[in-house]
Structure formats: structure tokens, C-alpha cells
Amino acid sequence: QVQLEETGGGLVQAGGSLRLTCAASQPTFSANTMAWFRQAPGKEREFVAAIDRSGRNTHYKHAVWDRFTISKDNAKNTVFLRMNSLTIEDTAVYYCCAEDSQSGWSIQRASRAAAYDYWGQGTQVTVSS
């Protein structure tokens, strides 16, 4: 069983930046795809960004594509989400997840929560005005 741990959330003013980190517990685990989802109060969980095994392919929710950057360090089995120009609408619990398969990269699959086998507990991001 792979455990994912998110860190880096917190309180930030609108226009500010945060970097979230997701570390996998097993150093030998190589996810097909890793992603970030978020869930705001009273709303459904939504896709934010995904990255493939190699780190060369990424996909973003349209509302964040020019402000957020997903990246990974395969040597450390860690995924990052750099978030710039944060707005109040970005306030949510952010979840890291990993797909355990050999299916290759698929944008359609990457944005679906059902594609992921492992999930972290989430980290709160709160953006104040």
C-alpha cells in the first residue's frame, strides 16, 4: 500500500504563492500518472493538474493553467504544485493522488478521480482577500 503525504498548504493573501509537495512512502513506487485535485466547501472534488511518469507530459484545469505548475522529482518520488497569483476561488483542500498502472499517458484519464488508486489526506489552502 502506497501512502501519499501532502505538505505546504496554509493561509496566503490573494495574489500570493504557495508550493505544495506530495511525497510517496515507497521509494520504488513509480506512478503512471500523479495529480492534484481540490475540494472547496460545499463543492465536488475537481481536477487541478496531472503529470505523467516521465514528467514530460502535463495537463491542467483551464482556470489554473497559466498560474499553476506541476512538476516532479522522480529520484525523490515527489510531486510539486507551484501556485502563483492565488485567488479566493483557489481556497480548498488540495489532494495528491497516484495512478498505479502501465497504461501510459491519457489526458482524458488523468482528469478523472476514478483513475487514481492512492490518495493523500489533503492539505488546506486558504486564500484571503
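Predicted model: local features only at pLDDT ≥ 70, side-chain atom pairs only at ≥ 80, totals over all residues.

Visitor: What makes up the protein chain, in helices and strands, and in which order do they run from the N terminus on?

Guide: The protein chain has 1 helix and 11 strands, and from the N terminus on the order is β-β-β-β-β-β-β-β-β-α-β-β.

Visitor: How do you know whether the radius of gyration of the protein chain agrees with that of a compact globule?

Guide: For 129 residues, the rule for a compact globule gives a radius of gyration near 14 Å, and because the protein chain has 14 Å, the two agree. Along the principal axes, the C-alpha atoms fill a box of roughly 45 × 25 × 25 Å. Buried residues make up 45% of the 129 residues, and, among contacts with a separation of 6 or more, 59% are between residues 24 or more positions apart.

Visitor: What are the numbers of positive and negative side chains, and how far apart do the centres of the two sets lie?

Guide: The protein chain has 13 positive and 12 negative side chains, with the centres of the two sets 3 Å apart.

Visitor: Why is the aromatic pair of F37 and F47 called edge-to-face?

Guide: The count for the model comes to 5 aromatic pairs. In the pair of F37 and F47, the ring centres lie 5.6 Å apart and the planes make an angle of 75 degrees; because a pair needs centres within 6.5 Å, and planes over 60 degrees apart count as edge-to-face, the name applies. This pair links distant parts of the chain, since F37 lies in strand β4 (residues 33–39) and F47 in strand β5 (residues 46–52), 10 residues apart. Both F37 and F47 are buried.

Visitor: What makes Y116 and W119 an aromatic pair, and of which kind?

Guide: Their ring centres are 6.2 Å apart, with 80 degrees between the planes, and the pair is edge-to-face. The cut-offs are again centres within 6.5 Å and planes over 60 degrees apart. Ring pairs also link F37, F47, Y116 and W119 into a cluster.

Terms used. Residues numbered from 1 in each chain as written. Heavy atoms only, no water. Helix = DSSP H or I, 4+ residues; strand = E, 2+ residues; numbered from the N terminus. Rg over C-alpha atoms; globule rule 2.2 N^0.38 Å. Buried < 20%, exposed > 50% of the residue type's maximum accessible area, 1.4 Å probe, protein only. Contact = heavy atoms within 4.5 Å. Lys, Arg positive; Asp, Glu negative; His and termini not counted. Charge placed at Lys NZ, Arg CZ, Asp CG, Glu CD. Phe/Tyr/Trp six-rings, centres within 6.5 Å; stacked < 30°, edge-to-face > 60°.
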